[in-house]
Structure formats: structure tokens, C-alpha cells
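The exercises below go with the model shown next. Each gives a task, followed by a solution in steps.

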Amino acid sequence: MLSLLSISSFAQMPSVKVDNVKGEQISTSSLLDDGKPMIVSFWSCTCKPCIMELDAINENFPDWIEEADFKVVAVSTDDARFTAKARSFAAGRGWSDFVQLYDKNQELMRAMNVTVTPQVFVLDGQGKIVYSHTGYVPGSEEELIKAIKKIK
Amino acid sequence: MFVAFLLVAGGALAVAAERPDSEDEAVENKSEKSRGYLSGSFETNTTLYHKDVKTSATVPDSKFGSNNYLKLDYYNNRFSAGIQLEAYSPVLVGYPAELEKAALTNYYVSWTDKSFSVTAGTFYEQFGSGLLFRSWEDRALGLNNAVMGARVSYNYKDIVAVKALWGLPRFGMSFSDTQVRGADASVSISNAAGWNNVYFDVQGSVLSRYEALDADSEIDGCKANTTGWSARTNFETSGFYLKGEYVDAGLKYYYNTSYAGTGDMYYKKRGNAQLIETGYNNGGLGVGLTLRRMEWMGSKIINSNSSTSNMLNYIPAICTQYTYMLTTLHPYSARTGDLTESFRNSGELGGQLDVYYNFRRGTKLGGKRGMKIHANFSNYYTIYKEGTFAAGNVLFRDFSIDWEKQWTKQFKSILLYSLQQYNPSYGADKNLWTSHIVVADLLYKYSKSFSTRLELQYLHTKADRKDWVAAMLEVNFAPSWSIYVSDMFNHGSTMLNYYNGGVAYTRSRTRVALNYGRYKAGYICSGGVCRQIPAYTGLNLTVTTSF
């Protein structure tokens with residue numbers, strides 16, 4: 001069991017194909033190109049707490065970006081029927097500062113073992129998971145900036 | 001054929017292992033060497049049922065139901081492998097009955113590099129929007145139609161992507177005897193031409209399905225092999241997008257229930273669908289229009305089985321999927337064709353329009369903290385005459401508008417109005433149930449870690465069980481605790497309360513939730529696909545954890 005735990009401590013973002021905002025397929029490994037830490041948040045049009053969490057991040061983003069250099073990746077897990085809706089939805093929420101990804105057959109969701117949303121990860125510049133949390137209640141977003149600031 | 005395919009896959013894998021790839025090596029050097037890492041998840045959804053005379057609640061003999069999933073994945077650079085174990089002891093009330101006992105249901109090994117991947121074992125896949133073929137997992141529906149076989153994919157730069165697969169779709173706890181073979185390709189014209197501000201691609205798929213036939217259907221001219229295809233295109237520039245998809249799903253055979261020894265034992269129908277998605281998203285405005293027409297598009301793993309989890313493609317209802325209790329009483333399911341003696345309908349046609357707008361902070365209407373509005377109109381009809389675009393009876397119609405406003409740092413409100421029209425005969429006649437629903441969703445943050453959320457809902461209708469009223473109060477202590485109580489009361493007809501309450505605790509990636517309540521018979525919908533559930537009352541424990 002100990003050896004399993006030591007293996008799992010290196011968990012990182014796997015390389016999976018997802019759609020970007022243009023509908024073009026890209027590999028998640030390209031997110032590491034700029035070496036910036038990132039908040040990765042899984043959401044869907046029918047997940048109210050996910051939307052509240054991304055709104056809270058969006059609200060705080062102008063302040064947080066002054067404290068640390070990082071990016072926010074919003075991964076929509078909506079099926080193909082809602083991919084178009086999710087894009088319009090993201091525009092209508094004003095999430096223009098986020099990198100928007102569309103995981104329409106939940107490949108990335110499964111690869112990162114996300115079973116319930118909201119699910120949020122903080123990754124360092126090499127893609128290693130340094131913080132993760134399931135569920136959102138108002139106020140939890142403060143944990144994210146704390147985790148980002150801890151990354152050296 | 002399977003052996004031949006595996007040989008090809010294995011050969012390709014060996015070639016890939018030999019290929020020098022400097023970018024991959026760079027990634028490899030960055031990551032932890034050799035040991036790799038393990039990721040996994042566990043979920044249990046367990047209910048203790050009891051009698052409830054007022055709702056005629058279903059109580060299984062065991063008085064207990066439990067759905068359990070354990071998934072483990074190991075990653076080491078380009079290599080990954082994983083398993084999934086499922087146990088139903090027994091399956092929860094309302095889930096497909098073929099889910100029973102325990103089994104190692106899914107297992108795979110996979111190799112992925114920048115341009116090449118090969119998977120042997122179980123895998124999930126989707127061609128285009130999934131109208132032709134989709135294999136996926138949706139635990140809320142009790143669906144997992146992962147394919148057991150092999151899949152190879154290759155992409156040349158960001159221009160060409162191709163994939164091919166072969167396998168046996170999973171049905172229930174094992175793999176079916178049905179075989180699927182498919183291929184999918186996409187070519188990015190804009191990337192090939194080096195256009196910067198425009199994205200344009202063309203895509204195509206083909207899927208062949210084989211299921212051995214019984215002697216009767218062979219005599220009647222049915223074929224064991226059916227082949228379908230789809231062609232697609234995708235265009236985007238400066239926030240404007242246009243997507244189109246045409247599907248010819250091949251021949252489908254429907255048993256003639258009134259067959260009496262003469263005439264055709266089977267109806268032979270050609271499945272076809274047309275899908276257009278277009279819209280514009282920019283600067284706080286999001287507009288999306290989806291139009292879809294389809295005939296005979298149901299695609300089953302096993303033709304003679306009628307389980308809700310028996311599907312090989314994805315044919316969702318394209319309309320708003322609500323989360324508020326009273327807005328989901330009459331959900332719409334897409335129609336894939338009816339062939340009864342009294343009613344024939346080849347499918348459905350319709351669409352939806354969404355408009356989202358964000359009034360930014362500092363503008364006149366946005367005020368200090370911004371304001372968001374959203375409107376949706378969805379409208380679906382039967383097909384008046386098979387093979388045409390003529391609309392028949394209304395199947396479902398919904399107009400909704402919601403308005404969200406952050407009034408102060410502490411207080412936010414969402415107001416929703418929805419006008420829904422639902423055809424209880426699935427289009428056989430023109431009779432519609434019309435409902436007006438209003439919802440107020442009020443969030444108040446007392447401090448950074450303490451908040452409450454109150455939902456007040458009312459549904460007015462002259463049809464079905466007349467008027468309903470509902471309320472929900474949620475108390476949250478960030479980041480770990482959440483407690484709620486709710487009640488849904490039918491004061492128009494049955495005078496029954498559907499009460500519910502629960503507590504949830506979250507720590508890191510573990511969530512434990514305990515709920516007690518009374519649930520009405522109806523539908524559970526996920527991803528636009530619904531399954532019917534009976535009434536039940538009981539105590540539910542859900543634990544999810546992942547690492």
C-alpha cells in the first residue's frame with residue numbers, strides 16, 4: 001500500500017485529446033508549453049455548483065493574477081449535444097480569461113478519475129497535481145489561490 | 001479478423017516504440033522517470049428502502065440496493081493500463097436489470113505518443129456528435145457500452161487525424177456477441193493552408209455492425225451486417241461557428257408486431273439524420289442555434305432487447321436540461337420512430353435557440369457587480385410524412401428565461417420562468433400539457449465560509465396532477481459541509497409531500513453524502529437521455545473518492 005501511495009504522489013495531467021474553443025482537437029500536453037501553473041476546473045451546463053465556482057474564480061481573477069502568474073482551464077464535460085451550448089454559455093458568463101476545453105466524450109474526465117463535478121485541480125508548471133478538491137460551496141475558491149501561491 | 005487487427009495494432013505499436021520523437025522525450029525527461037503513477041476512484045451508491053403506502057413505493061425483496069465502482073489506472077509516460085470493477089448487490093431500484101453481481105467489467109492497455117496511439121481491451125469512442133456511434137459511460141443511467149477490442153489512431157501534425165476500431169460492445173456485465181468495426185477521419189483544411197483566423201475541417205466516419213440473425217429473420221431478407229456512415233464539417237472564425245453533420249445510419253429492421261403469417265415480418269427502414277449547429281460567441285454575448293432532423297436513428301447493441309442501456313449511438317433530447325425540481329417533472333426524450341398499429345412516426349425534427357448575455361460590471365444595466373440573462377426556445381415535432389421535412393404534431397416545446405443578478409457582495413438572486421408544453425401521447429395526437437413554472441434561487445453569503453441558498457418554486461398547469469409548489473434550503477460551511485432540506489408538494493391533486501433532506505461532507509477528493517427522502521415515479525435524465533424510475537422512499541449513502 002505504501003508503494004502505491006508513493007507512486008500516486010506523482011499524479012499529473014495525462015495526455016488526452018480534447019476540443020478547444022474553435023472545435024479543433026488538441027492534446028492536453030500542449031497546456032504545459034508555457035510552463036505556467038494552472039487551475040483546472042471540470043464543469044457542465046447542468047452543474048450549478050461548478051458554474052458558481054468558475055464565476056467565483058472569474059470574479060477574483062483580476063486580483064489573483066496580481067499575486068501570482070497562472071492560468072485557468074475550464075473543462076466542459078458536456079456531451080456533444082451541449083458542446084455548442086457550453087461555448088455560448090461560457091461567453092455569456094464572461095469567462096473570456098479562461099482557456100476553454102470541451103471534453104465531449106469525457107476522455108480527460110475519466111483519465112483524471114473525475115467521478116463527480118465540480119472537481120478542481122491545481123497543477124504546477126510541469127503538470128503535476130499539487131491540490132485537488134471535489135464539490136464547491138461558496139468560499140472554497142480561497143483554497144485555490146493559496147495552493148497557487150505555494151508553488152515555487 | 002480480430003487477430004489480424006491485433007497484429008496490425010501490435011506492429012504499429014512496435015513501429016511507434018522505435019520512432020524517435022524529441023518532443024515526447026522532452027516530456028518524458030520532465031516527468032518522474034520509470035515509476036509512473038497510479039490514479040483511481042471508488043464510488044458507492046447505496047440505498048435502504050422502506051414501505052411507503054402513500055406513494056406505493058417500490059421496495060425490493062432485499063430492502064437494499066448498492067451500485068459500486070472501483071477504477072484504477074496506471075500511467076508511465078506513453079504507456080497506460082487500467083481496470084474497472086463493478087458490483088451490484090443488488091442493483092438500485094430503477095436501474096437496468098442486466099446490471100447484477102460483481103465483475104471485472106473493463107480493462108485495457110494503451111500506448112500514446114504525440115501522433116500515435118493504440119489501445120487493446122476496453123475503450124470508449126465517439127464519431128462526430130455520436131449520432132452514428134458512441135460508446136461511453138453514464139453511471140446515472142446505468143449505461144456502459146465500452147467496446148472490447150482494439151483501436152488505433154494516428155495524426156499527421158495538426159492536419160490529418162484517423163482512427164480505426166474493432167470490438168464487441170459491452171452490455172450489462174459482459175460483452176455482447178455483436179461486433180462493431182469503424183473508422184473515422186478528419187482533415188483540417190485551415191491548418192493545411194496555414195490560415196490564421198479561420199478554422200475549417202471536414203470529417204467522415206463509417207461504422208459496420210454485425211449481429212447474427214435467427215432463421216426467421218434471414219428468411220425475411222434481413223441482413224446480419226449493416227453499414228452506416230456520416231460526413232461532417234466544422235467552420236469557425238472570430239467567434240462565429242457553423243457545424244454540419246449528415247448521417248446515413250444504414251438499414252434497420254423492426255419486427256412487425258401485427259405480423260400474422262402473411263406480408264412482411266420486419267419493417268426495413270433506413271436511419272438518417274441531419275444536424276446543424278451555428279452561433280456567435282463574443283464579448284459577453286453567446287448565441288447558439290441547433291437544428292436536427294432524424295428518422296429511425298435508434299441503434300441497438302442487441303436488436304431483440306429493450307433495455308434503456310441497450311444503445312450504440314447517442315440521440316439526446318436537444319433542449320434545456322433543468323436542475324430545479326419542478327422544471328424536470330415532464331422531461332423530453334428524443335423520438336426515434338414509432339411503428340404501432342395505431343401510430344406511425346419516423347422520428348422528429350426541431351431545434352433550439354439559446355441566447356446568453358453578460359451585462360458587464362460598470363455598465364448601466366450591469367451595475368456595480370454585473371448581471372446575466374439567458375433565454376432558450378426549444379421546439380420539436382413528429383415527422384408528418386416519412387422521408388420529408390414536413391412537421392407533424394408538436395412533441396415538446398419550452399420557452400424559458402432566467403435572470404441572474406449579484407446585488408451586493410453577500411446577495412445573489414436567480415429568477416427563472418419556463419413555459420413547457422409536453423405531448424403525453426408522443427405525437428400520436430395534438431393534445432399538449434402546458435405548464436408555467438417560476439423559480440427564485442437566492443444565495444446569501446454571511447462570511448467567506450458560511451452561506452445559505454433558498455429555492456422557491458411553483459408550477460401551474462391544468463393537466464396531469466395540476467399545481468405543485470416546492471422549496472429547498474441549503475446551508476453551507478466552506479469548504480467541507482453542506483446540509484439541505486427540501487419539499488415538493490402536489491396541492492393540485494394528490495396532496496402528497498415529497499420531502500428530502502441530507503448532509504454532505506467533502507474533504508480533498510472524497511465526498512460523503514447521506515440523504516433521506518421520498519421520490520416520485522418519473523424519469524432520471526443525464527446527458528439528454530432518460531430512464532424511468534419507480535417511486536421509492538429510503539435512506540441513501542453516496543461515497544465518492546478519487547486519487
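**Exercise 1. The hairpin and its strands**

Task: In the hairpin of strand 6 and strand 7 of chain A, find which residue takes a positive phi, and state how many residues lie between the strands.

Solution. The structure is a predicted model.
- Step 1: Five residues lie between strand 6 and strand 7 of chain A in this hairpin, and A:Gly127 takes a positive phi near 95°.
- Step 2: Strand 7 of chain A covers residues 129-134 and runs antiparallel to strand 6 of chain A, with five bridges joining the two. In this pairing A:Val120 is opposite A:His133.
- Step 3: Strand 6 of chain A also pairs with strand 3 (residues 38-43) of chain A, again in the antiparallel sense and over five bridges. Here A:Ile39 has A:Val122 as its bridge partner.
- Step 4: Strand 6 (residues 119-123) of chain A is largely enclosed by the rest of the structure, because five of its five residues are buried. A:Gln119, A:Phe121 and A:Leu123 point one way, while A:Val120 and A:Val122 point the other way.

**Exercise 2. A covered helix**

Task: Determine how many residues of helix 3 of chain A are buried, and describe what follows the helix.

Solution. 
- Step 1: Helix 3 of chain A spans residues 83-92, and ten of its ten residues are buried, which leaves the helix mostly covered.
- Step 2: Just after helix 3 of chain A, A:Gly94 has a positive phi of about 75°.

**Exercise 3. The interface of the two chains**

Task: Describe the contact between chain B and chain A by residue counts, buried area and polar pairs.

Solution. 
- Step 1: In chain B, 88 residues are in contact with 57 residues of chain A.
- Step 2: The size of an interface is often given as the accessible area lost when the parts come together. For chain B and chain A, the buried area is about 5,800 Å², and carbon and sulfur atoms give 50% of it.
- Step 3: Between the chains there are 28 residue pairs in polar contact, both residues being at pLDDT 80 or more. Strand 1 (residues 37-49) of chain B supplies six residues, the largest share of the side of chain B that touches chain A.
- Step 4: Sorted by class, that side of chain B holds 24 nonpolar, 37 polar and 27 charged residues.

**Exercise 4. Salt bridges between the chains**

Task: State how many salt bridges the rule finds across the interface of chain B and chain A, then examine individual pairs.

Solution. 
- Step 1: A:Asp79 and B:Arg134 form a salt bridge, with their closest N and O atoms 2.7 Å apart. A:Asp79 is in the loop between strand 4 (71-76) and helix 3 of chain A, and B:Arg134 is in strand 7 (residues 133-135) of chain B.
- Step 2: Buried means under 20% relative accessible area. A:Asp79, at 10%, therefore counts as buried, and so does B:Arg134, at 0%.
- Step 3: B:Asp354 and A:Lys85 meet in a salt bridge at 2.9 Å, N to O. This pair also crosses between chains, from strand 21 (residues 347-359) of chain B to helix 3 of chain A.
- Step 4: By the same cut-off, B:Asp354 is buried at 2% relative accessibility, and A:Lys85 is buried with a relative accessible area of 6%.
- Step 5: A:Glu141 forms a salt bridge with B:Lys445, where the closest N and O atoms are 3.8 Å apart.

**Exercise 5. Within chain B**

Task: Locate the salt bridge of B:Arg151 and B:Glu125, and list what B:Ser135 touches.

Solution. 
- Step 1: The side chains of B:Arg151 and B:Glu125 come to 2.8 Å, N to O, in a salt bridge. B:Arg151 is in strand 10 (residues 147-156) of chain B and B:Glu125 is in strand 6 (residues 125-127) of chain B, 26 residues apart.
- Step 2: Both B:Arg151 and B:Glu125 are buried. Elsewhere, salt bridges with shared partners join A:Lys48, B:Asp441, B:Arg453, B:Glu455 and B:Glu474 into one network.
- Step 3: B:Ser135 lies in strand 7 of chain B and counts as buried at 0% relative accessibility.
- Step 4: Leaving out residues up to four places away in sequence, B:Ser135 touches A:Asn105, B:Phe123, B:Tyr124, B:Glu125, B:Asn145, B:Ala146 and B:Val147.

Notes
Residues numbered from 1 in each chain as written. Chains lettered and ligands numbered in written order. Predicted model: local features only at pLDDT ≥ 70, side-chain atom pairs only at ≥ 80, totals over all residues. Heavy atoms only, no water. Contact = heavy atoms within 4.5 Å. Buried area = accessible area lost by both parts, 1.4 Å probe. Salt bridge = Lys/Arg side-chain N within 4 Å of Asp/Glu carboxyl O. Polar contact = N/O pair within 3.5 Å; in protein donor to acceptor, adjacent residues only side chain to side chain. Helix = DSSP H or I, 4+ residues; strand = E, 2+ residues; numbered from the N terminus. Nonpolar A, V, L, I, M, F, W, Y, C, P; charged D, E, K, R; others polar. Buried < 20%, exposed > 50% of the residue type's maximum accessible area, 1.4 Å probe, protein only. Pairing = 2+ DSSP bridges.
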